[in-house]
Amino acid sequence: MSAPTRRLTTAQALVRFLSAQYTERDGVRRRLIAGTWGIFGHGNVAGIGQALVEYADVMPYHQGRNEQSMVHAAVGYARQLDRLSAQAVTTSIGPGATNLVTGAALATINRLPVLLLPGDYFASHAPDPLLQQLEHPVEADVSVNDTLRPVSRYFDRITRPEALIPSALQAMRVLADPAETGAVTLALPQDVQAEAYDWPEEFFAERVWYVRRPAPDPVELTAAVEAIRSAERPLIVAGGGVHHSEAEQALKAFVEATGIPVASTQAGKGSLRHDHPADLGGIGHTGTAVSDELARTADLVIGVGTRYTDFTTASGTLFQNPDVRFLNLNITGFDAHKLAARTLVCDARSGLERLAEGLAGHRVPEAYEAEYRAGKARWDEVVEAAYRADDDSAVPTQTQVLGALDATVGDDDVVINAAGSLPGDLHKLWRSRSPRQYHLEYGYSCMGYEIPAGIGVQQAAPGTPVWALVGDGTYLMMPTEIVTAVQEGLPVNIVLLQNHGYASIGGLSEETGGERFGTAYRFRAADGTFTGAPLPVDLAANAASLGMDVLRAKTVRELREALAAARASDRPTCVYVETDPAATAPPAEAWWDVPVAETATRKAAVEARGRYDRHVVDRRHHL
């Protein structure tokens with residue numbers, strides 16, 4: 001007797017399959033693919049588009065305005081839900097598909113799951129070449145979707161209906177895997193999407209993907225415990241893996257038992273509340289003075305769920321103790337072995353709990369605790385000074401904007417940022433009150449991420465106030481998803497800071513001898529430089545034209561009032577403020593390697609190269 005089958009198109013079968021996939025961790029079950037974003041064209045409208053209509057009752061659809069933005073929204077959604085639930089994104093062939101590449105790179109670099117479903121050429125090659133098809137003279141099976149291969153954790157092109165079955169299962173495996181997750185791409189030829197097939201009923205059965213918590217190897221655990229017991233000045237570097245594992249309480253218990261202080265990467269900030277005695281704030285190029293001072297003298301650096309990017313290590317110049325050693329607790333062996341570390345390859349929560357058991361009764365020296373607590377107190381005074389506004393009628397500086405927002409948000413509000421000068425100020429100054437409040441995308445630092453990510457976070461956490469912080473440069477990259485927020489009734493708040501240019505890269509240009517060339521939004525002067533008057537661009541009016549409520553704030557007092565009104569509103573709201581360009585953020589406490597011209601005739605570049613040569617000699621290769 002033959003097994004029961006169901007005759008559906010490939011696209012219908014895929015949507016029906018996705019609607020029955022779940023994750024489960026610690027007894028909590030979630031939809032693995034909770035919805036699908038889409039912009040339709042000839043490559044997906046008659047296949048995936050029709051299937052989403054067919055199964056609208058089980059697969060929610062969200063209409064986007066830009067393909068890259070749709071991926072950012074899906075990434076924001078997945079991060080807010082600790083990677084246990086994700087969204088799919090479907091596009092047409094051609095520019096719709098290639099627009100996915102930036103979002104895919106962001107997702108994979110940050111280890112966040114998203115399913116990409118771009119249309120593709122006809123598998124039959126019947127119409128050849130078709131509209132938007134890339135023709136390669138010696139490789140007929142190449143399409144523009146191949147640009148997604150290097151930025152995907154799993155890629156397949158489904159050239160026959162039955163090929164979907166093993167590929168779909170592999171795609172779900174990768175999306176749900178805590179070590180391998182990232183962007184997953186299933187390229188779908190147009191004719192195959194619409195082709196019918198007799199699918200086994202088992203393909204549509206509910207399937208649960210258990211998100212495991214691997215425990216540490218006993219031998220590695222014993223060695224790790226001994227390394228910590230032997231250290232006099234240990235320092236924890238908390239990365240995004242702490243959040244992905246929901247290990248915040250385990251970290252808190254570990255720290256309170258041992259007295260070991262915690263510095264955090266951009267992704268790990270909020271692993272401890274800002275007012276915990278052992279929380280030292282950010283580390284590295286954009287870190288706090290107390291974190292970086294301790295990092296320079298630490299004899300053991302304990303990385304928990306961190307990738308050790310160049311911002312964290314100050315391009316290899318931060319950890320200067322001649323005897324420093326590293327212990328890395330990470331779910332991926334790839335990251336655990338960085339900096340020639342002793343490894344503990346396991347889930348962050350499981351690893352911290354086992355370490356705490358092995359270290360029962362052990363605590364760092366009292367003098368060390370007193371030292372870092374005093375350093376923390378000094379840095380708290382720096383934050384207060386940066387936030388303080390003595391004149392409510394003055395134009396606010398960027399750090400005073402953060403101070404006003406800090407005074408407005410509740411513990412569970414989510415603050416989102418990704419690029420510009422804000423990430424540095426936030427990493428140094430923001431006082432995180434809960435694990436999900438600080439949402440910085442700094443693996444790819446992608447301009448334009450903030451607004452669509454705010455939509456994804458709002459979808460994942462209805463009722464939670466969400467703040468997308470953007471400068472004028474970032475806003476101009478990708479404001480179009482404002483329309484989506486309005487359409488879906490999502491009360492995302494945008495804080496739009498106008499400083500008439502690329503402030504962050506302008507400062508870097510000045511530091512490296514580039515003289516701020518090409519970084520200001522100004523008219524071109526007669527000598528060819530961009531030093532004329534600011535452009536007459538009204539970004540607040542633009543946001544209003546896209547459907548947002550807009551509140552203009554010219555002073556510190558008006559800013560506070562506008563932020564409070566935005567938080568109380570049930571509509572998408574933009575708080576627009578032109579900031580005083582005066583530098584009020586504390587300077588960098590550690591270096592970052594951006595190569596400077598080795599030869600030049602201009603004084604600025606010559607002096608910058610001298611500074612570069614003085615710093616680069618401090619770089620170490622930890623072996």
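Biologist: Is Phe326 buried or exposed?

Modeller: Phe326 counts as buried, because its relative accessibility is 4%. Bear in mind that this is a predicted model. By the rule used for ring pairs, there are 11 aromatic pairs in the count. One of the pairs is stacked: the rings of Phe17 and Phe203 lie 4.5 Å centre to centre, with 10 degrees between the planes. Phe17 belongs to helix α1 (residues 10-18), while Phe203 sits in the loop between β10 (196-200) and β11 (207-210), so that the pair links distant parts of the chain, 186 residues apart. Phe17 has 0% relative accessibility and therefore counts as buried. Phe203, at 4%, counts as buried because the limit is under 20% relative accessible area.

The pair that holds Phe326 has another geometry. Its partner is Tyr308; the ring centres are 6.2 Å apart and the planes stand at 90 degrees, so the pair is edge-to-face. Phe326 is in strand β16 (residues 325-330) and Tyr308 in the loop between β15 (300-304) and α12 (310-313), so the pair ties together parts that are 18 residues apart in sequence. Tyr308 counts as buried as well, because its relative accessibility is 9%.

Tyr308 leads on to Thr313. Thr313 is in helix α12, and it touches Tyr308, Leu318 and Phe319 when neighbours within four places in sequence are left aside. With a relative accessibility of 8%, Thr313 counts as buried.

To return to Phe17 and Phe203, both rings are part of a cluster.

Helix α10 (residues 248-258) packs with helix α14 (residues 348-358) at an angle of about 20 degrees, and the axes are 9 Å apart. An angle under 35 degrees is the criterion, so α10 is roughly parallel to α14. The crossing of α10 past α14 is left-handed. From α10, the residues Ala250, Leu251 and Phe254 meet Arg349, Leu352, Glu353, Leu355 and Ala356 of α14. Six residues of the contact of α10 with α14 are nonpolar, two are charged and none is polar.

The second contact is between helix α16 (residues 398-408) and helix α17 (residues 422-429), with an angle of about 50 degrees and axes 11 Å apart. That angle makes α16 oblique to α17. Here α16 passes α17 in a right-handed crossing. Gln398, Thr399 and Leu402 are the α16 residues that meet Leu422, Asp425, Leu426 and Leu429 in α17. The contact of α16 with α17 has four nonpolar residues, two polar and one charged.

Gly270 counts as buried, because its relative accessibility is 7%. Not counting residues up to four places away in sequence, Gly270 touches His243, Ser432, Ser434 and Pro435. Of these, Ser432 is 162 residues from Gly270 in sequence, yet the C-alpha to C-alpha distance is 5.2 Å.

Note on methods: Residues numbered from 1 in each chain as written. Predicted model: local features only at pLDDT ≥ 70, side-chain atom pairs only at ≥ 80, totals over all residues. Heavy atoms only, no water. Axes fitted to C-alpha atoms, helices over the stretch in contact; angles between N-to-C directions. Helix = DSSP H or I, 4+ residues; strand = E, 2+ residues; numbered from the N terminus. Parallel < 35°, antiparallel > 145°, perpendicular 65-115°, else oblique. Left-handed = near helix turned anticlockwise from the far one by under 90°. Contact = heavy atoms within 4.5 Å. Nonpolar A, V, L, I, M, F, W, Y, C, P; charged D, E, K, R; others polar. Phe/Tyr/Trp six-rings, centres within 6.5 Å; stacked < 30°, edge-to-face > 60°. Buried < 20%, exposed > 50% of the residue type's maximum accessible area, 1.4 Å probe, protein only.
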